[in-house]
Amino acid sequence: MAQNEQEEPLLEVHDLQMYFPVRGGVMFKKIGDVKAVDGVSLSIGRGESLGLVGESGCGKSTVGKCLVRLLKPTDGKVIFKEMDITEMSQRRLRPLRQDIQMVFQDPVESLDARLSVGELIAEPLQIHRVGSRSSRRERVYELLDQVRMPRSAVEKFPFEFSGGQRQRIGIARSLALNPELLILDEPVSALDVSVQSQVLNLLVELQRELGLSYLFIAHDLAVVKHISDRVAVMYLGKLVEVAGADEIYHNPRHAYTKALLSAVPIPDPTVKRERKALVGDVPSPIDPPAGSAFGHRISHPKYEESIGMDLGLVEIERDHWVARDPCCLTSEDWGRVRML
Amino acid sequence: MTSFQTDDGQVRAVDGVSFEIPKGKTIGLVGESGCGKTVTAMSIVDLLPKPAGTIQEGEILFGGEDLRKVGDSRLHEVRGGEIGVIFQEPMSALNPVHRIGKQLVEAIVLHKKVNKRDALIRAVELLEKVGIPSPERRVMDYPHQLSGGMRQRVMIAMAISCEPQLLIADEPTTALDVTVQAQILELIESMQRDLGMAVLLITHDLGVIAENCEEVVVMYAGRVVEKASVLELFANPLHAYTKGLLSSIPRLEYKRKTELKTIEGQVAAIRDFVPGCRFCQRMEREGETLVERPEFKEVSPDHWVETCMSCYAG
């Protein structure tokens, strides 16, 4: 389901920034900022899933947390259903919280282990005062059916379940309030392949049944491709490429996207491919390079040239956006975008 | 065979596992979590949690020598000397209160007859070899000052410090990003070429297996269910579990949002393992296959499989 052009997107993010102060010295004074998210813009349509990929520390989880306002962004705008929720007070935000829910890598780890599965799933309903005790019980059963778990799970405790079943419980809980958008932060990366595919199938089915929108944050590119309509690639707090899922895998434009793709091991021993091993680690977001961050990592000869340039996204082809970065594009592509 | 003493009595985590690692080759050990991969590896170098874990039966032959029969002092020589080990989480394997240089020196002095000064020079060389920038400064760092990829490099430097003949790498890249994973696997490969060492690579990632191993051992619920060369195993998997694993990986070339194949159910708890075919147990099959252990047979040259009548259609 691609985004409908006429319709307003469900969620829009404009130039999101999230800086964390770094303190040090004897007076514990602010000595700098970690620019975890530094100017990210994206949109998610109704019923659409957007994948967000990047290496650990690139700020992808921070983006997710800003969207559910677990973090208050330093700057930028988050517009949900045409309402600006960036500055909204907690009280006004409360009814909207039902519509955006978050699913974590191991949801149960972050929950009260003394609550039974039934209580855990009913908790959001209680907090938002939805329904009576008996109607909540009915809803819990319905949710367990939806995530293909036996109703008998109600009486049990999270530790009695395996990783895949726990993730189902986490998904059931996040669905309790009929949300429109799920922020899924590495929901399957702790699972074994056979169970991972069960949870992925469930997410695809739920999206079809309920018309959900997803922001799917993960580092496994094959998984992200499977579930996403569009994919955004993030590097050091900034987006470097955004395009349709098939397009970005078949026709990557940015050097970082290419490097990420070439590092994915292919489960086929007859394929012997050139591994373009990327050297070095992601640079520190406390003191990011002045110019192209990825150009700096690969010591690109044009790095000096990129300092002071606007490295924002440009539309190189219809619906295919890439950073306007001389270090990370082929000379042909650079020729096309430098004038845009 | 390795068992653990638990509150419920003895449980057999690893139950009759046999395989060989030829000199200079890379063998992959694959399976889902909880299937006994790590226990198998830790049994080789006797690093099982004591006193709960004990090897009940079996031989661990290293260059013809049974490591279960040699004394403690010989085992200390072998472990970290002739056999190097890399663990999944380097942060918990490195000592957080000692500088990495000191930890490397300790390992070198223990196994090579050199003084601390020479050992430190060797430590710097090793860090350089595994691709750590400005190693002479880095030896003074504590583990927490390094990134995950750098820590894993330190682990590798330590494991190869005594030029082992066998390297056991237990999920060496699971906690790392794909880009760093590629660097680490390349590093292990080049070390292997330089030193001619054999590698036992334990992973649940079939992509890593396909790209790095020559032979594959597939474990399920404490047993080996299939064993073959990597080309043969991927082209012609024979056991239902291996087939299930291979077909449930999402691949870049698949059509998006189509249904992925799955393996229903989950691995039974160790204390509930049946004596017969444990994959039949997962499939909730009933009858005779659950009673008797299926024979592990060589069904074509160098292709071994557990010949359960339901899981193997021979």
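**Cysteines, helix packing and a buried glutamine**

Cys280(B) has a relative accessibility of 0% and therefore counts as buried. In this predicted model, the sulfur of Cys280(B) lies 3.5 Å from the closest cysteine sulfur, that of Cys308(B), which is too far for a bond, because a disulfide requires the two sulfur atoms to be within 2.5 Å. A search of the whole structure, covering all chains, likewise finds zero disulfides. Another cysteine of chain B, Cys162(B), is also buried, with a relative accessible area of 6%.

Two packed helices are described by the angle between their axes and the distance between the axes. For helix α4 (residues 100-111) of chain B and helix α5 (residues 116-129) of chain B, the axes come within 9 Å and cross at roughly 115°. That angle makes α4(B) roughly perpendicular to α5(B), and the crossing of the pair is right-handed. On the side of α4(B), the contact involves Ile100(B), Leu104(B), Val105(B), Ile108(B) and Val109(B), which meet a set of α5(B) residues including Ala119(B), Leu120(B), Ala123(B), Leu126(B) and Leu127(B), together with Lys116(B) and Arg122(B). By class, the residues of this contact divide into ten nonpolar, no polar and two charged.

An α-helix has 3.6 residues a turn, so residues three or four places apart point the same way.

In chain A, helix α9 (residues 255-263) is largely enclosed by the rest of the structure, because seven of its nine residues are buried. The buried residues of α9(A) are Tyr256(A), Thr257(A), Ala259(A), Leu260(A), Leu261(A), Ser262(A) and Ala263(A).

Gln198(A), found in helix α6 (residues 193-210) of chain A, is buried as well, with a relative accessible area of 13%. Leaving aside neighbours within four places in sequence, Gln198(A) is in contact with Arg168(A) of its own chain and with Thr262(B), Ile263(B), Glu264(B) and Gly265(B) of chain B.

Notes:
Residues are numbered from 1 along each chain as its sequence is written. Chains are lettered from A and ligands numbered from 1 in the order in which they are written. This is a predicted model: local features need pLDDT of at least 70, side-chain atom pairs count only at pLDDT 80 or more; totals for chains, interfaces and linings use all residues. Side-chain values use heavy atoms; hydrogens and water are left out. Axes are lines fitted to C-alpha atoms, for helices over the stretch in contact, and angles run from 0 to 180 degrees between N-to-C directions. Helices (H or I, at least four residues) and strands (E, at least two) are DSSP runs, numbered from the N terminus. Angles under 35 degrees count as roughly parallel, over 145 as roughly antiparallel, 65 to 115 as roughly perpendicular and the rest as oblique. A crossing is left-handed if the near helix is turned anticlockwise from the far one by less than a right angle, and right-handed if clockwise. Contact means heavy atoms within 4.5 Å. Ala, Val, Leu, Ile, Met, Phe, Trp, Tyr, Cys and Pro count as nonpolar, Asp, Glu, Lys and Arg as charged, and the others, Gly among them, as polar. Buried means under 20% relative accessible area, exposed over 50%, partly exposed in between (1.4 Å probe, protein chains only).
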